[in-house]
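Please view the sequence and structure below before reading on.

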Amino acid sequence: MTMFGSVPERLAKNRYELDEGQSHIEVHQDLVRATGVGPLLVRVCAAHVYTQEADGSLSAEYSACLECGTCLAVAPPGALTWHYPRGGFGISFREG
Ligand code: SF4
């Protein structure tokens, strides 16, 4: 732990306004399957948004998203559609 607290302690201070039923992440299953990027997305997302399902599809639980953009940086073009949540929704960071 640092003088600022552990990562989980700091994350717990954030506030999240869920835009119910309006996911800001869309997974394009055909391209994810074709490129095999699913396991990488599961691994790089610190918020554990992505889950590789038994049927090979990739699900995204958008309510946990930290809006860091890492998934977009590693995904092949077209595998994901990602945009910031609508104004007033999504994460508000309380500490840098
Ligand atoms: Fe995970 Fe960051 Fe992508 Fe959100 S933007 S799904 S937190 S990697």
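How many aromatic pairs does a search of the whole structure find? In this predicted model, the search returns one aromatic pair. The rings of W82 and Y84 have their centres 5.0 Å apart and their planes at 75°, so the pair is edge-to-face.

**Aromatic pair**
- W82 has a relative accessible area of 14% and is therefore buried, the limit for that class being under 20%.
- Y84 has a relative accessibility of 54% and so counts as exposed, since the exposed class begins over 50%.

**Surroundings of E67**
- E67 is placed in the loop between β4 (58-60) and α4 (70-74).
- Residues up to four places away in sequence aside, E67 touches W82, Y84, P85, G90 and I91; both members of the aromatic pair, W82 and Y84, are thus among the contacts of E67.
- Although E67 is buried, it has no salt bridge.
- The nearest side chain of opposite charge to E67 is that of R15, 11 Å away; a salt bridge would require a separation within 4 Å.

**Position of A46**
- A46 lies in the loop between α3 (38-44) and β3 (50-52).
- The relative accessibility of A46 is 60%, so this residue counts as exposed.
- A46 and C68 are separated by 22 residues in sequence, and their C-alpha atoms are 9.1 Å apart in space.

Technical notes:
Residues are numbered from 1 along each chain as its sequence is written. This is a predicted model: local features need pLDDT of at least 70, side-chain atom pairs count only at pLDDT 80 or more; totals for chains, interfaces and linings use all residues. Side-chain values use heavy atoms; hydrogens and water are left out. Helices (H or I, at least four residues) and strands (E, at least two) are DSSP runs, numbered from the N terminus. Buried means under 20% relative accessible area, exposed over 50%, partly exposed in between (1.4 Å probe, protein chains only). Lys and Arg count as positive and Asp and Glu as negative; His and the chain ends are not counted. Contact means heavy atoms within 4.5 Å. Rings of Phe, Tyr and Trp (its six-membered ring) pair if their centres lie within 6.5 Å; planes under 30 degrees apart count as stacked, over 60 as edge-to-face and the rest as tilted.
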